[in-house]
Amino acid sequence: MSATRATAPPSRAAAVDPARPGRSLPTLVRHLAVAAGVALLVLLASYQLDSFRNFQLATVAAYLCATAGLTVLTGLCGQLSLGHGALMATGAYTLALAQNALADGGRTAGGWLVVSLVVAVLATVVVGAVVGVAAARLRGPYLAGLTLAVAVVVPALTVTFDGVFNGEQGLAVPVAPAPAGLGSYFPHERWQLWVAAAATLSCLVLLANLVRSRYGRAFRAVRDDEVAARLAGIHVARTQVVAFVVSAASAGLGGALLAVLAQSVSPGAFGLTLSLFLLMAVVIGGLGRLAGAAWGAVLLVALPDLTHSLTNLFTLSPAAAQRLEGNLPLAIFGATLIVVMIAAPGGVQGLLSRLTRALRARWPVGRS
Amino acid sequence: MDRFLFLTLDGLSRGAVYAAFALALVLIWRAGRIVNFAQGAMAVAAAYVAYSVTAATGSYWLGFAAALLAGLLLGAIVDVAVMRLVDHRSPLNPVIVALGLVLLIQAVLGMVYGNEYLPAQTPFSRTALTVGGTAVLSPYDLFVFATVGVVGAALVWVFTRTAIGLRMRAAAFAPEVSRLLGVNVGGMLTLGWALASGVGALAAMLVIPTGLGLHPHAMDLVFVSAFTAAVLGGLDSPPGAVVGGLGVGLLLSYVSGYAGGDLIPLAVLALLLTVLLLRPGGLFAPVTARRV
């Protein structure tokens with residue numbers, strides 16, 4: 001059924017959805033307007049929040065790149081990847097190597113960070129293309145198993161080639177401080193938030209447009225029925241590789257941003273657990289929706305923080321507290337993932353849109 | 001040459017465990033078309049049960065029996081309480097739920113036992129016996145071979161010679177017809193999960209003492225290796241899983257012996273990639289009509 005949708009000519013008339021009044025603006029303009037609004041909100045928030053919250057928000061932005069990429073791949077194109085942690089590691093390590101190379105060449109100005117970010121994304125695109133070409137021939141559990149192996153390999157790689165990656169210790173990432181023009185007392189965390197938010201919003205605008213484009217429709221057609229998609233003239237394998245590469249690029253950007261925020265990279269941060277976290281965030285947020293990816297990214301940062309405050313409420317022995325603190329978020333993540341998959345496969349965003357639809361049906365306000 | 005012989009025998013012993021674990025994956029795949037990504041975590045949980053029982057009673061064998069029992073129970077519980085409720089229309093759903101189980105089980109183990117490596121006992125010595133000046137197998141390797149052999153033979157016997165095995169095969173092959181003929185299809189599926197999880201627990205008991213020790217993540221790499229073994233043999237074929245397991249064990253033994261233990265995950269990935277790209281159906285796949 002989606003295949004027929006995918007073949008419909010992308011005319012301007014099709015952009016006006018009769019079921020959704022007020023949405024007649026061109027897609028690009030609408031997405032840019034939303035992005036500008038969010039940017040303004042982030043700018044205001046960065047002055048209202050303290051340094052720690054700024055840093056947390058920046059971390060949410062970094063995760064959001066990766067979860068948005070994964071939701072396009074898994075939710076829209078139907079390919080499951082357990083290797084996105086490894087792709088984030090690719091981005092992070094490339095950024096670290098690029099920043100170190102630039103610093104060695106005496107190029108320490110803040111603007112060079114953009115070059116490093118682009119290099120990191122390009123490197124991840126190459127890795128993503130290699131995995132994606134293999135992935136396009138695989139289905140369901142086979143693909144999950146292959147990407148799982150990719151995720152397990154990362155720590156081994158950094159130890160084997162420790163001349164480049166410096167083994168378990170990892171690499172330091174030299175990052176230029178905020179530009180002097182912003183004043184000498186400008187908090188570093190606010191600057192980090194600005195950098196992360198700018199990169200993430202550009203990434204999201206590109207993804208949102210892609211989702212609404214011919215490619216997005218092809219992704220959904222391939223997900224729903226490969227045979228029908230092929231009959232409709234869609235090159236299934238090529239579509240899947242494109243989806244994987246786009247998703248990998250987003251994950252690479254997310255990893256690179258994490259490296260910029262932490263100012264260091266080490267293999268411990270990019271283990272199998274990170275890949276599972278990303279998948280969990282995407283599923284709980286709502287598969288296939290960029291808004292769901294945002295919920296997931298917020299959850300990834302907020303839940304460890306919440307459980308930390310929760311364990312502080314009880315007086316525990318230091319050993320027990322340490323065990324609980326590291327593992328309780330994981331247990332909650334795991335249990336939530338299972339419950340969401342069984343009870344509410346649409347995730348948070350699915351529940352929200354069901355709620356708004358129910359409210360609209362009861363009070364038909366704003367319908368013209 | 002001595003080294004080659006030693007690595008070959010060591011690889012076969014390692015491969016026997018991978019074969020058992022791959023067999024567990026194949027059992028569930030045949031019963032319900034699910035690759036149980038939680039198999040490793042479930043097996044580690046059973047091994048922790050063995051650790052507790054052995055610590056309490058001082059007997060390795062009581063712990064061993066407890067692990068098998070815990071494995072059987074855990075498999076049945078996972079099927080009845082979780083997998084039965086999952087919408088199986090999309091093949092992604094069971095995989096995602098299994099990954100949720102991985103997170104949950106590993107976190108609970110970490111909370112109860114801590115995230116440190118605990119020492120794992122062996123019932124027999126792991127020092128290799130020498131025959132004519134050449135180090136060959138250790139008594140523990142012989143124990144591994146014997147156990148895996150007995151379990152493999154028992155599974156073959158159950159599936160080919162008993163009424164319950166016939167019912168299990170029927171329930172997997174044609175669920176609707178079997179139900180009409182009075183087979184308790186759901187019960188057979190649960191039994192399949194229990195058996196597979198029990199075999200997985202056995203594999204964990206055998207493999208964990210040969211590694212760094214007991215840890216919530218102790219089976220992660222073993223799972224990937226066993227998955228590779230199962231794919232190598234074709235997910236549908238129990239003999240394929242055994243051959244695949246022995247092959248993967250040999251390969252990893254040679255890689256770690258001649259090139260270094262750090263390269264094992266890379267070797268697994270390379271092998272898996274090669275198999276999936278060249279023969280995605282596995283070495284023993286029958287020629288199937290391509291569904292367009």
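This is a predicted model: local features need pLDDT of at least 70, side-chain atom pairs count only at pLDDT 80 or more; totals for chains, interfaces and linings use all residues.
Local features are given only at pLDDT of at least 70 and side-chain atom pairs only at pLDDT 80 or more, while totals for chains, interfaces and linings use all residues. Residues are numbered from 1 along each chain as its sequence is written, and chains are lettered from A in the order in which they are written.

In chain B, the axes of helix α2 (residues 39-57) and helix α8 (residues 185-207) come within 8 Å and cross at roughly 65 degrees. Helices are DSSP runs of H or I with at least four residues, numbered from the N terminus; axes are lines fitted to C-alpha atoms over the stretch in contact, with angles from 0 to 180 degrees between N-to-C directions. The crossing of α2(B) and α8(B) is right-handed (the near helix is turned clockwise from the far one by less than a right angle). Residues in contact, with C-beta atoms placed from the backbone within 7 Å, include B:Met42 and B:Ala46 of α2(B) and B:Gly200 and B:Ala204 of α8(B).

B:Val108 lies in helix α4 (residues 92-113) of chain B. B:Val108 counts as buried because 20 C-beta neighbours lie inside 10 Å; the cut-off is 20 or more other C-beta atoms within 10 Å, placed from the backbone. The C-alpha atoms of B:Val108 and B:His215 are separated by 12 Å, although these residues are 107 apart along the chain.

The contact between the chains takes 42 residues from chain B and 40 residues from chain A. On the side of chain B that touches chain A, α4, α9 (220-233) and α11 (264-278) each supply at least two residues, and α4(B) gives the most, with 16 residues.

Definitions and conventions:
Two residues are in contact if their C-beta atoms, placed from the backbone, lie within 7 Å. A residue is buried if 20 or more other C-beta atoms lie within 10 Å of its own, exposed if 12 or fewer, and partly exposed in between; C-beta atoms are placed from the backbone.
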